[in-house]
Amino acid sequence: MMMDSPLTMPQMIKRAEMLFSKKEVISRTDKGISRLTYREIAERTRRLASSLEKLGVRRGDKVGTLAWNHHRHLEAYFAIPCSGAVIHTINIRLAPQQISYIINHAEDKVLLLDPDIIPILESCRDEIQGVKAFIIMTDEDTLPETTLSPVYHYEKLIADGDPDYVYPDDIPEQAPAGMCYTSATTGNPKGVVYTHRSIFLHSLALGLADSVALSERDVAMPVVPMFHVNAWGMPFAGAWFGTTQVLPGPNFTPKILIELIEQEKVTFSAGVPTIWLGVLKELETGKYDVSSLRGILCGGAPAPKEMIRRYEQKYQIPFIHGYGMTETSPIVTISKLKSYQEQLPYEERLEIRSKQGLIVPGIEMKVVSAKGEAAWDGREMGELALRGPWIASEYYQDDRSKETFKDGWLYTGDVVTVDGEGFLKIVDRTKDIIKSGGEWISSVDLENALMAHEAVFEAAVVAVPHKKWQERPVACVVLKENASVTEEELLDFLRPQFAKWWLPDKILFLNEIPKTSVGKFLKRALREEVQKVLEAHEGLAAGE
Ligand code: AMP
């Protein structure tokens, strides 16, 4: 028999402290670049944990954070769970009503926030009576003016904290460690609770050679926000492995990201496709050296094939496409070729790698179609269901759990196909797929094809109601600067690639595609916008 040692988080930060005292965490702040070693970060983490206890934070209490990616947020990432409390990362881009709903639903006792978030919380202070303390994470020596009360200065709490604070050694591995809310299609956001065990095991998965192989040798820059599924787990795993971390701070632009990559010799970075599209646009305008990058992880939404090609062929930056969700910690699949697929011509390799990939070790999947389990033939579609040690088993105190969690599986709401090699491809969200005349049209495939046109910067396809066919696709396209193309030319471009009934009924040219708080296409808003445009043009309304 083997030891039943608990898989808990204190050992992760203790390892960083013990082994990587010289390695750095580099943060971009309002005042410039801050550099702290893991020794310093680990000491500040102990100090913060002791100060939170002095403020009355007890085991199981929720401590919310409203912050960008920076070293103080990283300290909170460990200080809160390692003292037995629960870190609740809150999406700062949500509307104040949603933020106050989330804070109340989670019952946050203390909030740590960046100075630019103060006005948001002031506007909803009356609604969040359960919050007993606000801690401002500022670079300034004094606290900014605020009506929030009681209010504390983060650095003062660090200065007054105990550098020798001892983490409790009896935290059960199944104890809650973190929390994150995911927005629902309708109604309020839904809470997901991560445990010490799930974070521990998910972090190990990030280190696997066939996942993203995060290691001590990396200089990792999570661009994905620390309030979006724990920046995909990179800050936790990075500290544990001794990875140098570059945290890009508030209000960054593509130019700032590229400069950080250049200056800090970033080897690995992660973000949603809109980030990488923006970075690509900037790369094409300037002279930058991004040769330090060994890979870019892109997930959260489908990565357009043409974008992958441009990164790889023009900039020699290997692109790694991955899939996951807030409910899955998030890593579920990673798209890397099998060794024998490396012999294939580039086009075929690109085709495979632009799929979402193979399930990572530790997670199980099934694809449920109307007929039962879908065949692995790359064609039969079904809903992806998942289970595993870093997959949620329920939403936090939410009746909607029973719609998503059934018979020990999480039903993702993603329609997928699986090919004969096991590569999973997201066809669409169940709610975004276009149901035309009893058949399904993948909005993702049409978008991908449109974004391969040289004049197109971004494209999103939505369903509009149709009298005869139930729904029909309408495409919205944003053109590149100074580019021009007509609707007919784009349709001609699509024609050889799709069956006739897949072609959009209409292509609209927009200045931008509305995005969610984490940078994905906001299809709900887009559908409404499209409907308005169509109605405004008599005769254009779909189905007429
Ligand atoms: P979130 O919980 O906000 O991270 O959203 C999760 C959802 O994003 C998934 O259920 C998918 O619909 C979508 N998603 C995540 N990664 C990908 C990807 N690589 N390709 C396509 N869709 C993705």
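# Cavity, pockets and helix packing

Colleague: How does the lining of the largest cavity divide by class?

Modeller: In this predicted model, the lining of the largest cavity has three nonpolar residues and five polar ones, with no charged residues.

Colleague: Which residues are they, then, that line the largest cavity?

Modeller: The lining is made up of Y194, S198, I199, H202, N230, G233, F236 and S329.

Colleague: You listed N230 in the lining. What is its phi like, and where is N230 found?

Modeller: N230 is not a glycine, and yet its phi is positive, at about 50°; the residue is found in helix 8, which runs over residues 229–232.

Colleague: S329 lines the cavity as well. Is the peptide bond from S329 to P330 cis or trans?

Modeller: That peptide bond, from S329 to P330, is cis, and its omega is near 10°. P330 itself lies in the loop that runs between strand 14 (319–324) and strand 15 (331–335).

Colleague: What about the bond from S149 to P150, and where is P150 placed?

Modeller: The peptide bond from S149 to P150 is also cis, here with omega near -10°, and P150 has its place in the loop between strand 6 (133–136) and strand 7 (151–153).

Colleague: Back to helix 7. At what angle do the axes of helix 7 and helix 9 cross?

Modeller: Their axes cross at roughly 75° and come within 9 Å, helix 9 being residues 234–241. Helix 7 and helix 9 are therefore roughly perpendicular to each other, since angles from 65 to 115 degrees are counted that way.

Colleague: Which residues meet there, and how do they divide by class?

Modeller: From helix 7 come I199, F200, S203, L204, L206 and G207, and they meet M234, F236, A237, W240 and F241 of helix 9. By class, this contact of helix 7 with helix 9 has nine nonpolar residues, two polar ones and no charged ones.

Colleague: Switching topic, how do helix 12 and helix 13 pack?

Modeller: Helix 12 (residues 305–315) packs with helix 13 (residues 346–353) at an angle of about 125°, and their axes are 10 Å apart. That angle makes helix 12 oblique to helix 13, and the crossing in which helix 12 passes helix 13 is right-handed.

Colleague: What do the residues of that contact look like?

Modeller: In helix 12, K305, I308, R309, E312 and Q313 meet Y346, E347, L350, E351 and R353 in helix 13. These residues of the contact of helix 12 with helix 13 divide into three nonpolar, one polar and six charged.

Colleague: Where else does E351 turn up, say in the lining of the second largest pocket?

Modeller: E351 lies there along with K425, D445, N448 and F498, and these are the residues nearest the centre of the second largest pocket, which has 27 lining residues. The elements giving two or more residues to this lining are helix 12, strand 22 (424–429) and helix 15 (443–450), and helix 15 gives the most, with four residues.

Colleague: How much space lies in that pocket, and how does its lining divide?

Modeller: About 600 Å³ of space lies in the second largest pocket, and the residues of its lining divide into 11 nonpolar, seven polar and nine charged.

Colleague: Last one: how do helix 1 and helix 2 pack?

Modeller: Helix 1 (residues 10–19) packs with helix 2 (residues 38–54) at an angle of about 140°, with their axes 8 Å apart, and helix 1 and helix 2 are therefore oblique to each other. Helix 1 passes helix 2 in a left-handed crossing.

Colleague: And which residues meet between helix 1 and helix 2?

Modeller: I13, K14, A16 and E17 of helix 1 meet Y38, A42, E43 and R46 of helix 2, and this contact of helix 1 with helix 2 divides into four nonpolar, no polar and four charged residues.

Definitions and conventions: Residues numbered from 1 in each chain as written. Predicted model: local features only at pLDDT ≥ 70, side-chain atom pairs only at ≥ 80, totals over all residues. Heavy atoms only, no water. 1 Å grid on protein atoms, 1.4 Å probe; cavity = no way out; pocket = protein on both sides within 12 Å on 5 of 7 lines; lining within 4 Å. Nonpolar A, V, L, I, M, F, W, Y, C, P; charged D, E, K, R; others polar. Axes fitted to C-alpha atoms, helices over the stretch in contact; angles between N-to-C directions. Parallel < 35°, antiparallel > 145°, perpendicular 65-115°, else oblique. Left-handed = near helix turned anticlockwise from the far one by under 90°. Contact = heavy atoms within 4.5 Å. Points joined across faces, edges and corners; volume = space filled by probe spheres on them.
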